[in-house]
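User: Hello! I would like to go through this protein with you and learn what stands behind the terms. Could we take it step by step?

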Amino acid sequence: NSVVAADDAAYIVQMLGGTGIVKGTSGSVTGSSWSSTVLGSDIQTLWDGDGSSTMSSSAFSKLLKMKPDACVVSGGGSFSESQLKQLKDKGIACVSLPSMNSADSIQSAVDIAADMIGDRSSEKGGKNAHEMASEYESYCSSLVKDVQGKTGLFTWNGINFRNGKKNVSNSASDGQ
């Protein structure tokens, strides 16, 4: 019901959990021009930057006073070992999502967050996280299929995304 989530994890939790579930996040989120529209205006900034650096002592004290049900991060480094121990001692779950650097890892992050949040549809502004995750994943899949249907060969950095094989050219020119 109450989550502190750094960077992109905040958007995933909000999407799956519904109105007002995210209570604190990182400066990369609150600094966005549209974060108050998506997350609300009462959200607190707890991490500098994207949350990949350890939270300051003063911000961590603020977090403990907030008494969230869970803290969600993506990647590592958001909490020191001492802070993780304090979270555990206070009964605040800490969930680490995969780094969101590929479609597969984003889908895994969405699935993990959905399992954590569960069905909040009976609460004001809440949602069924598993239904939202399924809807999101279907939408993403349809976008990929749509793009694949419009391109003859989709490559990036020498990888053919139609067959997953690396294309190697023997005729590079001008340093390409």
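This is a predicted model: local features need pLDDT of at least 70, side-chain atom pairs count only at pLDDT 80 or more; totals for chains, interfaces and linings use all residues.

User: Where is Gly 125 placed?

Analyst: Gly 125 is in the loop between α6 (103-117) and α7 (129-150). Residues are numbered from 1 along each chain as its sequence is written, and side-chain values use heavy atoms, with hydrogens and water left out.

User: Why is Gly 125 called partly exposed?

Analyst: Its relative accessible area is 33%. Buried means under 20%, exposed means over 50%, and partly exposed is in between (1.4 Å probe, protein chains only), so Gly 125 counts as partly exposed.

User: What does Gly 125 touch, not counting residues up to four places away in sequence?

Analyst: Gly 125 touches Gly 17, Gly 18 and Thr 19, where a contact means heavy atoms within 4.5 Å. Gly 17 is 108 residues apart from Gly 125 along the chain, yet their C-alpha atoms are separated by 8.5 Å.

User: What makes the pair of Tyr 11 and Trp 34 stacked?

Analyst: Let us start with the rule: rings of Phe, Tyr and Trp (its six-membered ring) pair if their centres lie within 6.5 Å, and planes under 30 degrees apart count as stacked, over 60 as edge-to-face and the rest as tilted. By this rule there are 3 aromatic pairs. Tyr 11 and Trp 34 are 5.2 Å centre to centre with 25° between the planes, so the pair is stacked. Tyr 11 lies in helix α1 (residues 8-17) and Trp 34 in the loop between α2 (27-30) and α3 (35-39), so the pair ties together parts that are 23 residues apart in sequence. Tyr 11 is partly exposed at 22%, and Trp 34 is partly exposed at 45%.

User: Why is the pair of Trp 47 and Phe 79 called edge-to-face?

Analyst: Their planes are 65° apart, with 5.5 Å centre to centre, so the angle passes the edge-to-face cut-off. Trp 47 lies in strand β3 (residues 44-47) and Phe 79 in the loop between β4 (70-74) and α5 (81-89), so this pair ties together parts that are 32 residues apart in sequence.

User: Which residues lie nearest the centre of the largest pocket?

Analyst: Ser 102, Ala 103, Asp 104, Cys 140 and Val 144 do, among 11 lining residues. The elements that give two or more residues to this lining are α6 and α7, and α7 gives the most, with 5. The volume of the largest pocket is about 370 Å³.

User: How do you know that it is a pocket?

Analyst: On a 1 Å grid over the protein atoms alone, a pocket is an open set of points with protein on both sides within 12 Å along at least five of seven lines, whereas a cavity is a set where a 1.4 Å probe fits but cannot get out; lining residues have an atom within 4 Å of a point. Grid points are joined across faces, edges and corners, and a volume is the space filled by probe spheres set on the points.

Notes
Helices (H or I, at least four residues) and strands (E, at least two) are DSSP runs, numbered from the N terminus.
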